[in-house]
Amino acid sequence: AQDYEDLAKLASPAVARAKCAPTIDVEAAGAMPVAGQVSLIVAPATTDAKPMPSVNLLNDVQEYVDLRRIPTADLFVVGPPFVRVDVAVTVALTSFNVSADVEAAVQLALASYLHPLTGGRAGGGWDFGRAPQRSELFALVRSVPGVQFVSALTIAKTGEPATALTSPYFLVYSGKHTVEIS
């Protein structure tokens with residue numbers, strides 16, 4: 001699996017992340033294991049909130065890896081399934097004079113933290129198949145200057161496609177966030 005991921009990154013400098021799903025066609029309904037099938041999931045290097053690979057990038061990776069892979073394997077090069085994460089949060093402020101600034105800062109913090117390639121705790125992106133935990137988002141919002149405490153926080157996750165929520169190969173991305181000041 002690691003060899004396929006390394007080959008995908010060597011295929012083009014436009015590949016930021018790659019994940020190999022051995023024995024799985026991730027785009028097939030049910031994604032049941034089948035010997036000889038390999039899905040190579042590719043995410044492009046981009047600042048887009050939802051980094052979808054172009055058809056050209058997928059073709060470039062397919063052609064490059066095809067020349068170097070085991071010939072008996074069926075290779076599927078695809079973009080990642082995504083899970084959109086929408087957050088609704090209610091915060092209390094240290095001062096009402098900063099309400100507009102805090103609302104914008106919370107929105108920005110959530111969008112940055114939930115970016116699939118540059119988000120997460122260390123800023124190195126999200127692991128495939130890992131969704132953010134409520135406690136992480138509480139801590140993130142609480143760390144925004146001007147926030148005294150977080151009184152409520154809900155997370156809504158939407159799979160794109162719907163089966164992405166049960167896949168171990170999805171990437172999260174930032175959706176629509178609602179910030180309420182109390």
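Cys 20 lies in strand β1. The model here is a predicted one, and in it this cysteine counts as buried because its relative accessibility comes to 4%, with the cut-off for buried set at under 20%. Leaving aside residues up to four places away in sequence, Cys 20 touches Ala 1, Tyr 4, Glu 5, Val 38, Ser 39, Leu 40 and Tyr 169. Asp 60 is another matter: 40 residues separate it from Cys 20 in sequence, and the two C-alpha atoms are 16 Å apart in space.

Now for the chain as a whole. The C-alpha trace spans about 65 × 30 × 25 Å along its principal axes. There are 182 residues, and 44% of them count as buried. Among contacts with a separation of 6 or more, 70% come from residues 24 or more positions apart. As for the surface, the chain exposes about 9300 Å², with carbon and sulfur atoms supplying 55% of that.

Helix α2 takes in residues 55-66, which makes 12 residues. From first C-alpha to last it reaches 16 Å, close to the 16 Å expected at 1.5 Å a residue. Four of its residues, Leu 57, Leu 58, Val 61 and Val 65, are buried. They sit on the same side of α2 because the arc they cover around the axis is only 100°. Turn to the other side of α2, and Val 55, Asn 56 and Glu 63 are exposed. So what covers the buried residues of α2? The cover includes helix α1 (2-11) along with strands β1 (15-22), β2 (37-44) and β3 (74-78). β1, as it happens, is also the strand that holds Cys 20.

Next come the aromatic residues, which form two pairs in the structure. In one of them, the ring centres of Phe 82 and Tyr 173 are 5.6 Å apart and the planes stand at 90°, so this pair is edge-to-face. It links distant parts of the chain, with Phe 82 in strand β4 (residues 82-93) and Tyr 173 in strand β6 (residues 171-181), 91 residues apart. Phe 82 and Tyr 173 are both buried.

Tyr 113 and Trp 126 make up another pair, and with centres 5.4 Å apart and planes at 85° it is edge-to-face too. Tyr 113 belongs to helix α3 (residues 99-113) and Trp 126 to the loop between α3 and α4 (134-142), so the pair ties together parts 13 residues apart in sequence. Tyr 113 has a relative accessibility of 10% and therefore counts as buried. Trp 126, at 2%, counts as buried as well.

A ring also turns up in a contact of another kind: Arg 68 lies over the face of Tyr 64, at 3.6 Å from the ring centre.

Finally, there is Ser 12, found in the loop between α1 and β1. Is Ser 12 buried or exposed? With a relative accessibility of 11%, Ser 12 counts as buried, because anything under 20% does. Ser 12 and Glu 136 are 124 residues apart in sequence, and their C-alpha atoms are 33 Å apart in space.

Key. Residues are numbered from 1 along each chain as its sequence is written. This is a predicted model: local features need pLDDT of at least 70, side-chain atom pairs count only at pLDDT 80 or more; totals for chains, interfaces and linings use all residues. Side-chain values use heavy atoms; hydrogens and water are left out. Helices (H or I, at least four residues) and strands (E, at least two) are DSSP runs, numbered from the N terminus. The expected span of a helix is 1.5 Å times one less than its number of residues. Buried means under 20% relative accessible area, exposed over 50%, partly exposed in between (1.4 Å probe, protein chains only). The arc is that of the directions from the helix axis to the C-beta atoms. Contact means heavy atoms within 4.5 Å. Rings of Phe, Tyr and Trp (its six-membered ring) pair if their centres lie within 6.5 Å; planes under 30 degrees apart count as stacked, over 60 as edge-to-face and the rest as tilted. A charge sits over a ring if NZ of Lys or CZ of Arg is within 6 Å of the ring centre and within 35 degrees of the ring normal. Accessible areas come from the Shrake-Rupley method with a 1.4 Å probe; for residues, only the protein chains shown count as cover.
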